[in-house]
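Visitor: I would like to learn how to read the features of a model like this one. Please take me through it step by step.

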Amino acid sequence: MSPADVFSTNPRPYRVVQWATGALGRCVIRGVLDRPDMELAGAWAHAPAKAGVDAGTLAGRDPIGVPATGDLQDVLDLDADCVVYSPTPALDRYADLDLVCSLLSSGKNVIATNGYVYPQAHGPQFAGELEQACKRGGTSVHGSGISNGFMADVMPLVLSRLSRRITHVYARECTDFARHPSWQMVHHTVGFGKDEDAYLRALRPNRTTMRALFAESLHLVAAGLGVDLDEIDMDVEHRLARTDLATAAGPVPRGTVAAVRWTFSGIAAGRPVIMVEIVHKADAARMPDEWGRPGYSLRVEGRPSVTLAADETWVSDPISAAAAHVLNSVPAVCAAPSGIRTHLDLPMICGRMRV
């Protein structure tokens, strides 16, 4: 199936539900409202104060007559084609599995932005429950995004087309959070602004979350390259702010955590063969260049070796880009056979040109 075929198979607009209305969720809602091939069927909000508020209002637009809800059953009862599932990643991959399976069983495809890029990485039981839910609902589940879901896995696989006898794959992302608007993401999930003791107390569960997310990316790349990983090594380092820093999501005081580097290495035949390095900085312009400047770097070692690098200007708005990636995937996921559908299973995902 070609990308053009995917966009031409649905005779009516795709009815999309947005699950969670944080910065990314609100951007997805705006994207749906701006597309003639989609309509917003519903929205689920975590905060009780948002329940009953018009989804258009939550997204900074005029009311559209679609109130947000905090009740799962309200979403299950909706007539919808797809749920864009974008809550904060769960500490335990199994924590939201029943919820995702309920959505799939109700006849709604699910595109997640918090994992599900390669669910097989979590073992046969996890993948099996998803497959059974998809079978019951005649639906598909797909993981998307801009870090895991694109730069850490899809782009390395794209570069691999230009090389043979590949020996190593490396992907590095350095993100500057100075303009990121989400307090939940910057201070809670990433951990900026915490004193060192508080950060270290939260590190153990955060290690579980990050390992689960990026293990999927490493296994997806490995599957695409025909390699079975034996294990995944993980390391994490942090640095404290040398001065008070200001971010769009709030201050990061001097002496609190302001930079973190995660390293994930996929091991096969006794050596690292796939490596992903994730660097987060609170305000890169006012911090040392240790761990590099914001941007991306990808390298495929082989014959020939291929390198692609970009600074932080490679995308003007990462949140908008993540939302666009999800919405551009909706037609392909809705048209796909039921089951787990990774980037290895779907046709090339393209945007649509407006002339």
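Visitor: Which residue of β2 is the bridge partner of Q18?
Guide: A bridge is read as a pair of residues, one from each strand. Here Q18 is partnered by A43 in β2. The strands concerned are β1 (residues 14-19) and β2 (residues 38-44), which run parallel and are joined by 6 bridges. Keep in mind that this is a predicted model.

Visitor: Is β2 mostly covered or mostly open?
Guide: Count the residues with under 20% relative accessible area. In β2, 6 of 7 residues are buried, so the strand is mostly covered.

Visitor: In which sense do β7 and β13 pair?
Guide: Look at the chain directions of the two strands. β7 (residues 164-176) and β13 (residues 295-303) pair in the antiparallel sense, over 8 bridges. One of the paired positions is A171, whose partner in β13 is L298.

Visitor: Which residues does S160 touch, leaving out those up to four places away in sequence?
Guide: Sequence neighbours are set aside to show what the fold brings together. S160 touches I166, L225 and V300. Between the C-alpha atoms of S160 and L225 there are 8.2 Å in space, although the residues are 65 apart in sequence. S160 is in the loop between α7 (154-159) and β7, and its relative accessible area of 13% makes it buried.

Visitor: At what angle do α2 and α10 pack?
Guide: Compare the axis directions, then the separation. For α2 (residues 23-33) and α10 (residues 318-335) the angle is about 55°, with the axes 9 Å apart. The two helices are therefore oblique to each other, and their crossing is right-handed.

Visitor: Which residues of α2 and α10 meet?
Guide: From α2 they are A23, L24, C27, V28, G31 and V32; from α10 they are I319, S320, A322, A323 and L327. By class, this contact has 9 nonpolar, 2 polar and no charged residues.

Visitor: What is the phi of A20, and what is the phi of Y116?
Guide: Phi of A20 is near 90°, a positive value in a residue other than glycine. Y116 likewise has a positive phi, near 65°, and is not a glycine. A20 lies in the loop between β1 and α2, while Y116 is in the loop between β5 (109-112) and α6 (124-137). A20 is buried at 8% relative accessible area, and Y116 is buried at 1%.

Key:
Residues numbered from 1 in each chain as written. Predicted model: local features only at pLDDT ≥ 70, side-chain atom pairs only at ≥ 80, totals over all residues. Heavy atoms only, no water. Pairing = 2+ DSSP bridges. Helix = DSSP H or I, 4+ residues; strand = E, 2+ residues; numbered from the N terminus. Buried < 20%, exposed > 50% of the residue type's maximum accessible area, 1.4 Å probe, protein only. Contact = heavy atoms within 4.5 Å. Axes fitted to C-alpha atoms, helices over the stretch in contact; angles between N-to-C directions. Parallel < 35°, antiparallel > 145°, perpendicular 65-115°, else oblique. Left-handed = near helix turned anticlockwise from the far one by under 90°. Nonpolar A, V, L, I, M, F, W, Y, C, P; charged D, E, K, R; others polar.
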